[in-house]
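Please walk me through this structure. Begin with how the chains meet, then turn to a single residue.

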There are 2 protein chains.
Amino acid sequence: LEAGDRKQFLDTFLELHPTDQVDFFIKLKDDRRKRVYDYLSPEDFSHIFEGLDIDDQKRIYQELDEPYSSEMFNNMFADDVADFLEAMTGGKAEDILQKMDQEEAQEVKELMAYAPETAGAVMTKEYVSITSTEVVSNVIDTLRKDAPDAETIYYLYVVDEVERLVGVISLRDLITAQPTETIENVMGTRVVSVDDDMDQEDVAQLIKKYDFLAVPVVSKQNHLIGIITVDDVIDILEEEATEDFGEISAAKGATDVNVSSFKAARRRSPWIIMLMFFGLITAGVIGQFEETLEEIVLLAVFIPLIMDSAGNTGTQSLAVAVRGLALGTIKKGSIGKMVRREFGTGIMLGLICMAVLAITVTIMYQHWMLALIVGFSIFCTLSIATVIGATVPLIINKLKLDPAIASGPFITTVNDILGLLIYFSIATALLDFL
Amino acid sequence: LEAGDRKQFLDTFLELHPTDQVDFFIKLKDDRRKRVYDYLSPEDFSHIFEGLDIDDQKRIYQELDEPYSSEMFNNMFADDVADFLEAMTGGKAEDILQKMDQEEAQEVKELMAYAPETAGAVMTKEYVSITSTEVVSNVIDTLRKDAPDAETIYYLYVVDEVERLVGVISLRDLITAQPTETIENVMGTRVVSVDDDMDQEDVAQLIKKYDFLAVPVVSKQNHLIGIITVDDVIDILEEEATEDFGEISAAKGATDVNVSSFKAARRRSPWIIMLMFFGLITAGVIGQFEETLEEIVLLAVFIPLIMDSAGNTGTQSLAVAVRGLALGTIKKGSIGKMVRREFGTGIMLGLICMAVLAITVTIMYQHWMLALIVGFSIFCTLSIATVIGATVPLIINKLKLDPAIASGPFITTVNDILGLLIYFSIATALLDFL
């Protein structure tokens with residue numbers, strides 16, 4: 001296919017869906033890729049470039065000569081250019097912007113000015129806006145011309161003379177409307193819009209809730225400045241889920257599958273080493289009770305059980321809290337209610353486990369005092385573990401601190417230490433009876 | 001607002017977005033709700049009913065009289081009716097279907113016949129299909145009439161005389177096409193479609209990959225039988241992420257935030273109790289080494305450290321594997337590659353931790369033999385823990401077993417037991433040197 005015939009290649013290739021073009025392109029060898037740059041116009045290639053992930057984009061960018069890449073950037077959606085430039089270092093972004101069209105570059109700069117993960121940073125500038133005095137049939141005619149440049153034409157946003165958002169009409173409603181009507185009479189005036197500094201996760205939840213295909217982004221003065229489309233929302237939701245995943249498993253920044261052993265070890269080791277030092281703290285806690293342990297070595301046997309139960313209960317509560325925050329089912333601020341619920345759950349879990357454990361240990365070890373110590377420790381530990389697991393992420397969320405602090409292993413370690421402290425304290429207090 | 005004036009209520013209420021109508025409706029008291037049924041036609045109310053979650057739907061359904069609810073079901077999307085009926089027990093579903101229009105009921109029955117979580121089960125029947133011989137302007141005219149009944153009109157599917165899918169055209173392309181063209185000349189013929197028995201997660205990944213707004217579902221004979229829209233995909237992705245979340249934290253089926261303490265405890269306790277029994281196995285393992293422990297009580301101090309490190313490393317690998325499967329970055333079947341990668345990562349993590357730990361323990365406890373035992377145990381444990389964490393979910397996925405077996409706490413427990421076995425075996429072997 002790729003062996004020389006330019007026209008035939010173009011005919012077949014451009015028929016493909018852009019996503020398939022990307023799949024095809026990325027598998028090519030070096031010299032074949034070069035030929036693609038030759039064959040494709042910067043505009044056609046811009047669709048492929050948009051579909052690459054950031055590491056590939058950087059690599060491919062090196063291969064392009066400057067006039068070609070500048071023209072390509074001009075043809076890309078502004079938000080995709082902004083994403084790429086944000087990943088460039090050392091003044092390279094400035095260079096690229098200068099070589100681009102003034103107007104295009106300006107749009108990209110505006111997008112780059114927003115804080116990451118806000119509506120402003122993920123929105124696109126390529127939307128269709130109309131005024132309320134236009135007539136339906138004229139709007140449809142205009143759409144025929146503008147359609148290729150916009151990211152979606154399925155919602156048309158209606159603005160007044162100073163670009164304030166006043167209404168919205170879906171393409172669906174537009175084509176079912178009388179051709180002679182003015183937009184004013186057919187548009188919806190209850191427009192759901194988001195502020196440019198809204199968190200991307202909240203935007204995603206909003207679009208999900210309303211089943212929108214896109215939502216308009218407005219400035220503080222209600223000026224329409226961009227839109228966020230549903231395909232961006234899917235990416236945002238996946239991104240946030242991956243973040244939450246890392247949070248619970250301390251695999252933050254290490255959920256990448258296609259890296260070498262060495263790279264994976266380098267990314268994961270800081271967590272493992274940090275957590276190992278927490279393990280040394282736990283070791284120190286047990287060390288404090290060495291005398292008790294020397295009296296009754298059997299106590300050591302239940303260390304894993306206390307730790308596992310504390311850890312598992314805490315992680316369950318953590319999962320509930322993290323997921324609840326992500327899905328928006330926990331209202332930010334309802335910490336008090338959550339504490340009460342989890343404390344209640346913990347007490348009940350504790351009572352059940354205490355009963356089961358006391359009976360099992362009495363039977364297995366013929367030692368009812370040991371059973372009592374282990375059972376009562378479990379009860380106290382679980383009651384607290386649920387509260388810690390559920391509330392630490394909520395508090396962190398409220399204080400807007402780095403959620404990594406609430407990672408699963410960290411909470412597990414805290415619960416381990418608490419559990420063992422309770423266990424050995426009770427055991428030491430009752431030493432005379434053992 | 002709700003205090004009597006029917007006309008005014010209808011005017012305001014029906015202006016609201018259906019999602020807002022639902023929010024408003026669900027907060028009403030009993031007698032107010034009754035008035036809503038009076039005021040709203042079954043058709044208008046069907047949009048509210050569609051927006052409720054399943055528990056509310058069941059409750060509200062009880063309040064409706066039969067002719068009203070039958071008419072409401074007739075007006076709902078077939079997939080929503082199917083979802084509701086699947087949650088009904090005791091022949092109730094049959095009753096409802098019999099009271100519905102023949103044609104509507106037939107569609108619902110077809111949907112209910114598919115296995116859960118397949119494309120067939122989540123698709124909707126309300127799509128627009130056209131034939132390739134039609135003329136663009138006529139199609140647009142038809143759309144004007146059909147638009148309100150279809151779930152999306154942004155893709156039109158082109159079928160031949162025996163309902164086989166032969167092409168697709170977006171509304172965007174349709175309105176930019178010459179009004180006099182026949183569909184044949186403007187439609188795309190490379191249609192991406194899914195089979196009716198495809199897993200819903202794979203469908204979601206496909207739509208995400210191509211940034212589609214909808215994808216057609218076809219039978220084995222390539223007959224068009226339904227479509228899946230992007231808003232369904234968002235729900236599917238969230239559902240799957242929640243499932244994966246439960247998998248890693250043993251909170252399966254318990255990630256619900258708005259339940260009472262009692263209910264939460266009842267849902268979570270089976271896991272905690274089961275895992276507690278695993279803890280008893282671990283206790284048994286340590287019990288085997290009671291003599292060694294009696295000689296050197298200090299060994300007990302490092303039990304938590306060994307366990308935590310094994311657990312954390314395993315959970316990291318698990319998170320990478322589960323997330324990779326969910327995002328499709330791990331190809332099903334590439335187990336061999338994964339095992340090698342993770343084993344390599346484990347060895348490197350093990351070497352780093354061994355070095356750090358040996359030095360720290362020597363300094364803290366002035367006991368180089370102990371440092372050697374702890375360090376070497378960590379090395380062996382981590383090398384294995386990564387492999388177990390990453391490959392167990394892959395194997396389970398391949399064997400199509402219940403993924404709950406691969407839950408985080410289970411893998412952690414397996415790694416705990418292995419780690420402690422290694423630790424105490426090494427210590428026992430070197431007992432004479434301690």
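How many residues of chain A are in contact with chain B? The model is a predicted one. In it, 117 residues of chain A are in contact with 117 residues of chain B. Together the two chains bury about 10100 Å² between them. Carbon and sulfur atoms account for 68% of that area. On the side of chain A, Arg172(A), Phe245(A) and Arg268(A) lose the most area to chain B. These three together make up 8% of what that side buries.

Four salt bridges are counted between chain A and chain B. In a salt bridge between Glu238(A) and Lys208(B), the side chains meet at 3.0 Å, N to O.

Which element gives the most to the side of chain A that touches chain B? Helix H16 of chain A, residues 261-288, does, with 19 residues. By class, that side of chain A holds 62 nonpolar, 30 polar and 25 charged residues.

Now take one residue. Ser309(A) sits in helix H19 of chain A, which spans residues 303-327. Is Ser309(A) buried or exposed? Its relative accessible area is 3%. The cut-off for buried is under 20%, so Ser309(A) counts as buried. What does Ser309(A) touch, leaving out residues up to four places away in sequence? Its contacts are Ile378(A) and Leu382(A) in chain A, and Met276(B) in chain B.

Conventions:
Residues are numbered from 1 along each chain as its sequence is written. Chains are lettered from A and ligands numbered from 1 in the order in which they are written. This is a predicted model: local features need pLDDT of at least 70, side-chain atom pairs count only at pLDDT 80 or more; totals for chains, interfaces and linings use all residues. Side-chain values use heavy atoms; hydrogens and water are left out. Helices (H or I, at least four residues) and strands (E, at least two) are DSSP runs, numbered from the N terminus. Buried means under 20% relative accessible area, exposed over 50%, partly exposed in between (1.4 Å probe, protein chains only). Contact means heavy atoms within 4.5 Å. Buried area is the accessible area (1.4 Å probe) that two parts lose on being put together, summed over both. Ala, Val, Leu, Ile, Met, Phe, Trp, Tyr, Cys and Pro count as nonpolar, Asp, Glu, Lys and Arg as charged, and the others, Gly among them, as polar.
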